[in-house]
2 protein chains.
Amino acid sequence: MFSNSSKYAIKAVLFLAVNSSEDHRIMVKDMAEPINVPQAYLAKLLQELSRKGIISSKKGPKGGFFLSKENSQLTLMDVVNVIDADDKFNACLLSLEKCNADKPCPLHDLAIPSRSKLIHSLNQNSIKDFSMQIEQGKVFLPL
Amino acid sequence: MFSNSSKYAIKAVLFLAVNSSEDHRIMVKDMAEPINVPQAYLAKLLQELSRKGIISSKKGPKGGFFLSKENSQLTLMDVVNVIDADDKFNACLLSLEKCNADKPCPLHDLAIPSRSKLIHSLNQNSIKDFSMQIEQGKVFLPL
DNA sequence: TCCTAAATATGATTTTTATCATGTTTTAAA
DNA sequence: TTTAAAACATGATAAAAATCATATTTAGGA
Ligand code: FES
Ligand code: FES
């Protein structure tokens, strides 16, 4: 479903959403272990997310990564789109050219309705929404 | 969702379901192009499927691959399980140890219900069921 | 029996993804 | 103004997935 990189990015962003703020930045070395991602790889991912404006960062001593108000209004779809191919969610499950409801492949009707729901959720809920759910103990972000 | 190999395997099996029979076997070179899979790679996949008893084959002149009655009673889940890792459908979307409804990750409730439905469909419908849908023109198997 | 056409077995190569490593730039604080 | 701590940029390596290649075995037909 998601690439490893996407999973890492999602975990990292949600971790920042819960644990960081404009004036409490988090260093890559302090989040690698909690979210269980190889530190050097995480560093690369965070830098890319930062470059693309998904997360924010500050260099130098007392620097680190954090989510601005604007960042936390983005969606997890925004996050995933930075990492994975654009058509990830539009492709036919069997890679039959384009996924097309008028000429559905044998898996289309089984899978697409649910996939659409997931896409919708990823597009609707902001990062903030997710972090609130975590803070309310409704969902969890362990390893 | 599915690996490339799984997609290829599904396409190949469904192609055989529709086009082959015990006494009308199909050679790998005759199905590679129709289902749009590199011939040598397809050969390897078909051999593995055959070894695992998902499809049938006959060597030598007039040989080829086909689906026996028993083969076509298998499910697409059986096909996928030959290729992909066993826990493919049980893993947490964010790879948080085990997917666990009691301690759901932020994506669990968004994605798992639909995934369960898909799994159920893959387990319930036989290959034969799918080939009938294709023959009835309800779904399609182009490229 | 011999030839040939097919699957089978096995391994090599390529491509993609994931991971690691290291030098450069920025910035807070002494 | 010097130092050090952090992100940033870039490239190298490793692992996995996909693809290609080729020698071996089986079996039908001349
Ligand atoms: S046509 Fe294959 S998933 Fe839509
Ligand atoms: S806990 Fe993550 S998908 Fe179930």
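Start by selecting helix 1 and helix 4 of chain A: helix 1 passes helix 4 in a right-handed crossing. (A crossing is right-handed if the near helix is turned clockwise from the far one by less than a right angle, and left-handed if anticlockwise; helices are DSSP runs of H or I with at least four residues, strands are runs of E with at least two, and both are numbered from the N terminus.)

Before you click on, know that this is a predicted model, where local features need pLDDT of at least 70, side-chain atom pairs count only at pLDDT 80 or more, and totals for chains, interfaces and linings use all residues. Residues are numbered from 1 along each chain as its sequence is written, chains are lettered from A and ligands numbered from 1 in the order in which they are written, and side-chain values use heavy atoms, leaving out hydrogens and water.

**Stop 1**

Two packed helices are described by the angle between their axes and the distance between the axes. Here you want residues 4-19 (helix 1) and 76-83 (helix 4) of chain A, whose axes come within 9 Å and cross at roughly 140°. (Axes are lines fitted to C-alpha atoms, for helices over the stretch in contact, and angles run from 0 to 180 degrees between N-to-C directions.) Helix 1 and helix 4 of chain A are therefore oblique to each other. (Under 35 degrees counts as roughly parallel, over 145 as roughly antiparallel, 65 to 115 as roughly perpendicular, and the rest as oblique.)

Now show the side chains. On helix 1 of chain A, pick A:Ser5, A:Ser6, A:Ala9, A:Ile10, A:Val13 and A:Leu14; they meet A:Leu76, A:Val79, A:Val80 and A:Ile83 of helix 4 of chain A. (Contact means heavy atoms within 4.5 Å.) This contact has 8 nonpolar, 2 polar and no charged residues. (Ala, Val, Leu, Ile, Met, Phe, Trp, Tyr, Cys and Pro count as nonpolar, Asp, Glu, Lys and Arg as charged, and the others, Gly among them, as polar.)

**Stop 2: zoom out on chain A**

Chain A has 6 helices and 2 strands, running α-α-α-β-β-α-α-α from the N terminus on. Its C-alpha trace spans about 55 × 30 × 25 Å along its principal axes.

**Stop 3: hop to chain B**

Select helix 1 (residues 4-19) and helix 4 (residues 76-83) of chain B: their axes come within 9 Å and cross at roughly 140°. The crossing of these chain B helices is right-handed. Among the residues that meet here are B:Ile10 and B:Val13 in helix 1 and B:Val79 in helix 4 of chain B.

**Stop 4: where helix 5 meets helix 5**

Pick helix 5 in both chains. The helix 5 axes of chain A and chain B are 9 Å apart, at an angle of about 170°. That makes helix 5 of chain A roughly antiparallel to helix 5 of chain B. A:Leu110, A:Ala111, A:Ser114, A:Leu118 and A:Ser121 meet B:Leu110, B:Ala111, B:Ser114, B:Leu118 and B:Ser121. The contact between the two has 6 nonpolar, 4 polar and no charged residues.

**Stop 5: the cavity**

Which helices each supply at least two residues of the lining of the largest cavity? Helix 5 (108-124) of chain A and helix 5 (108-124) of chain B. The lining divides into 7 nonpolar, 2 polar and 2 charged residues.
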